Structure formats: structure tokens, C-alpha cells
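Subject: Structure for you to look at

Hello,

Here is the structure I promised to pass on. Please open it first, then read my notes below.

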Amino acid sequence: ISDNPVTVMIDASGAVSADGGKNGPDLKGRSEGDIMAALSSAAKSNPDLAVMVAADKDIAYQKVIDVTSRLRQAGVARVGLAVK
């Protein structure tokens, strides 16, 4: 995974937010659907786009699986899990 991956965060309430990292799209303050659309577009132009999923420790694991699956469906090949 690259030095500056895009980070998709899932907070304790299940809300999804993202940080575009050093080279990714500007994702601050965007909805989950907008984030997925932007990452799908970014993945098309950069097949090596790396995305880390960071979830609050209290979040249901199924939400993490759902977000990871949506990223893969959006065309992001390199999805990792950040451990906190």
C-alpha cells in the first residue's frame, strides 16, 4: 500500500467520511455515495489507487465488510484495513 493512501473512516455511528490522502480526490465533507463515486472515478484513472478503511472499534464488523465491498465494486483493487 502506498505511503499516502486514501483513508475511508467509519465512525461509531456508522457514518462514512474520507481523506483523499496526498494524491487522491478531495473527499472532505462528502456523503458516502459521493465518496464512492469519486473513488470509482479515481480508480479508473489510477489502477494503483490504494484505500485504507479505518473503523471505530465499536462499529459492527458488517459495516466494515459492506464499505470494503462497495470500494471493490467501485473498482478499487487495493483495499486495506487500518487497525486502531
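A search of the whole structure finds four salt bridges. Please keep in mind that this is a predicted model.

**Salt bridges**

Start with D19 and K28. They form a salt bridge, and their closest N and O atoms are 3.9 Å apart. The cut-off for a salt bridge is 4 Å. D19 is partly exposed, because its relative accessibility is 31%. K28 is exposed, with a relative accessible area of 59%.

Next, look at R70 and E32. This salt bridge has its closest N and O atoms 2.7 Å apart. R70 sits in helix α2, whereas E32 sits in helix α1 (residues 32–45), so the pair ties together parts that are 38 residues apart in sequence. R70 counts as partly exposed, at 33% relative accessibility. There is also a network here: salt bridges link E32, K63 and R70.

Then there is K57 with D58. The closest N and O atoms of this salt bridge are 3.4 Å apart. Are K57 and D58 buried or exposed? Both are exposed.

Now turn to strand β3, residues 50–55. Six of its six residues are buried, so the strand is largely enclosed by the rest of the structure. In a regular strand, side chains alternate between the two faces of the sheet. Which residues of β3 lie on which side? A50, M52 and A54 are on one side, and V51, V53 and A55 are on the other. All of them are buried, so both faces of β3 are covered.

What does β3 pair with? Strand β1 (residues 6–10) runs parallel to β3, and five bridges join the two. Within that pairing, V6 has V51 of β3 as its bridge partner. β3 also pairs with β4, again in the parallel sense and over five bridges. There, V53 stands opposite L81 of β4. To get from β3 to β4, the chain crosses through helix α2 (residues 61–73). This β-α-β crossover is right-handed.

T68 is worth a click. It lies in helix α2. T68 counts as buried because its relative accessibility is 15%, and the limit for buried is under 20%. What does T68 touch, leaving out residues up to four places away in sequence? The contacts are V53, V79 and L81.

**A nonpolar patch**

L81 is partly exposed, with a relative accessible area of 42%. Together with Y61 and I65, L81 forms a nonpolar patch on the surface. The accessible area of the three together is about 290 Å².

**Where to look**

For a quick tour, take these stops:

- β3, with buried residues on both faces.
- T68, buried and in contact with V53, V79 and L81.
- Y61, I65 and L81, the nonpolar patch on the surface.

Best wishes

Definitions and conventions: Residues are numbered from 1 along each chain as its sequence is written. This is a predicted model: local features need pLDDT of at least 70, side-chain atom pairs count only at pLDDT 80 or more; totals for chains, interfaces and linings use all residues. Side-chain values use heavy atoms; hydrogens and water are left out. Patches are made of residues with over 30% relative accessible area and no salt bridge: like charges are joined within 9 Å, nonpolar side chains (Val, Leu, Ile, Met, Phe, Trp, Tyr) within 5 Å. Accessible areas come from the Shrake-Rupley method with a 1.4 Å probe; for residues, only the protein chains shown count as cover. A salt bridge is a side-chain nitrogen of Lys or Arg within 4 Å of a carboxyl oxygen of Asp or Glu. Buried means under 20% relative accessible area, exposed over 50%, partly exposed in between (1.4 Å probe, protein chains only). Helices (H or I, at least four residues) and strands (E, at least two) are DSSP runs, numbered from the N terminus. Two strands pair if DSSP finds at least two bridges between them. A crossover is right-handed if, with the strands pointing away from the viewer, the path from the first strand over the helix to the second runs clockwise. Contact means heavy atoms within 4.5 Å.
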